[in-house]
Amino acid sequence: MSILILAEYNENILSSSTSRLVGAAKKIGGEIDVLIVGDDVKNLAQQLAKIAGVNKVLLANDRVFKHQKADVLCKILKDIIIPYSHFFASSNSVGKAVIPRLAAELDFMPISDVMFIHSKNKFDRPIYAGNAIETISTKEKKILATIRSSAFVPVEQGNDAKIENVKIGEIKSKVEFIKSTNVNSDKVDLSTAAIVVAGGQAFESKENFQMLYELADVLNAGVGATRAAVDLGFAPNEMQIGVSGKIIAPELYIAIGISGALQHLAGISGAKKIIAINSDADAPMMKQADVALVGDLKTILPELIKKLAQ
Ligand SMILES: Cc1cc2nc3c(=O)[nH]c(=O)nc-3n(C[C@H](O)[C@H](O)[C@H](O)COP(=O)(O)OP(=O)(O)OC[C@H]3O[C@@H](n4cnc5c(N)ncnc54)[C@H](O)[C@@H]3O)c2cc1C
């Protein structure tokens, strides 16, 4: 068995997702290689070589890979993945574009959004927008899957894996890159934050959501929201936590004015500790919480921010 992982990075910064994917691959066992494809990413290959459990790092470094376009990635991946039994990518925009495309070209069935690994060919994934969890057993000879990285624990650093350059022939892209927009680049990344504070529709307005940002600033936390809060326009889409949003696994999750609907809870099952603030002591979120504070968020939050700031 040998597993290849597509490394995730953004603007020359390695995402902790790659280390989580190595953690996922370890559940299967065998040799784990990591592939990094990009322009000017040699320094990232060196960082990847330090991830414990990585056998070798494959480096495809060329200008043509600058924007990680799915068509060029697939052209190079078709050959690279030949010796591997599994090829994993994060369930991010790159992985979601590459894995199905590659699977279609090679005539394999892709598996998307893996959140639990039972064995080398048995996986759990959410279906019906998270209303059910499906267990898939596959007989495919090669398994191509996108992985919900936050559902897995990252591995430690401590390795000196070899780095191998991938031979790159002439590759042309039919895709024209126009622009990319970085949202909230100055904010703590919600997917990988150690502390996450999140709010629901109980905030009643976008303006009141400002209290959440203030609390996050004091705690150096990422900020999330329920789908109800997003639908009401209190917070942007990318802040949604849950089965149809982001899956997070912080050390501490602070849920404020959030009822704890199943679809929301599915996004926080990896949280180590939960604090809930809610006016209803019987809300499902309060039952999930390690610390449950009953009260009105509009009274509690300003006080909490003031005390924490001191
Ligand atoms: C297919 C599908 C997919 C979905 N995906 C997601 C998803 O990914 N993420 C997600 O979050 N939801 C998702 N949902 C929606 C989900 O079912 C819930 O509707 C949603 O999570 C509820 O959001 P909420 O907790 O903000 O609102 P509510 O359920 O209305 O809860 C509000 C809570 O705030 C409390 N409260 C009210 N006033 C105050 C106050 N002043 N102070 C303190 N507490 C107060 C109330 O007691 C209550 O517990 C999905 C639904 C479907 C059908």
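Here's a quick tour of this structure, from overall build down to a few single residues.

What you're looking at is a predicted model, where local features need pLDDT of at least 70, side-chain atom pairs count only at pLDDT 80 or more, and totals for chains, interfaces and linings use all residues. Residues are numbered from 1 along each chain as its sequence is written. The protein chain is divided into domain 1 (2–165) and domain 2 (195–309), with bounds that come from an automatic or database domain assignment.

**Overall build**

- The secondary structure of the protein chain comes to 9 helices and 17 strands; these are DSSP runs numbered from the N terminus, with helices being H or I of at least four residues and strands being E of at least two.
- The protein chain is as compact as a globular protein of its length, because its radius of gyration of 21 Å is close to the 19 Å that the globule rule gives for 310 residues. That radius is taken over C-alpha atoms, and the rule is 2.2 Å times the number of residues to the power 0.38.
- Along its principal axes, the C-alpha trace spans about 65 × 40 × 40 Å.
- Buried residues make up 44% of the 310 residues; a residue is buried if 20 or more other C-beta atoms lie within 10 Å of its own, exposed if 12 or fewer, and partly exposed in between, with C-beta atoms placed from the backbone.

**How the domains meet**

- The C-alpha centres of domain 1 and domain 2 lie 31 Å apart.
- 6 residues of domain 1 are in contact with 8 residues of domain 2, where contact means C-beta atoms, placed from the backbone, within 7 Å.
- On the side of domain 1 that touches domain 2, there are 3 nonpolar, 2 polar and 1 charged residues. Here Ala, Val, Leu, Ile, Met, Phe, Trp, Tyr, Cys and Pro count as nonpolar, Asp, Glu, Lys and Arg as charged, and the others, Gly among them, as polar.

**Around the ligand**

- Of the 31 residues around the ligand, G200, A202, R227, G242 and S259 come nearest; being near means having a C-beta atom, placed from the backbone, within 6 Å.
- Two or more shell residues come from each of α6 (227–231), α7 (262–265), β16 (273–278) and α9 (297–309), and α6 gives the most, with 3 residues.
- By class, the shell divides into 11 nonpolar, 16 polar and 4 charged residues.
- Both domain 1 and domain 2 supply at least three residues each to the shell.

**The nonpolar core**

- The largest nonpolar core has 96 residues, and I5, L35, I36, F88, V197 and I256 have the most contacts inside it. Such a core is a set of buried Ala, Val, Leu, Ile, Met, Phe, Trp, Tyr and Cys residues joined through C-beta atoms within 7 Å.
- This core also draws at least three residues from each of domain 1 and domain 2.
- Leaving aside neighbours within four places in sequence, L35 is in contact with L4, I5, L6, A7, L58, A60 and I80.

**Loop residues to look up**

- A221 sits in the loop between α5 (206–219) and β14 (222–225), and counts as buried because 24 other C-beta atoms lie within 10 Å.
- A221 and I195 are 26 residues apart in sequence, yet 4.8 Å apart in space, C-alpha to C-alpha.
- Q68, in the loop between β5 (56–61) and α3 (70–80), has a positive phi near 50 degrees although it isn't glycine.
- E204, in the loop between β13 (195–199) and α5, is another non-glycine residue with a positive phi, near 70 degrees.

Terms used:
Two residues are in contact if their C-beta atoms, placed from the backbone, lie within 7 Å.
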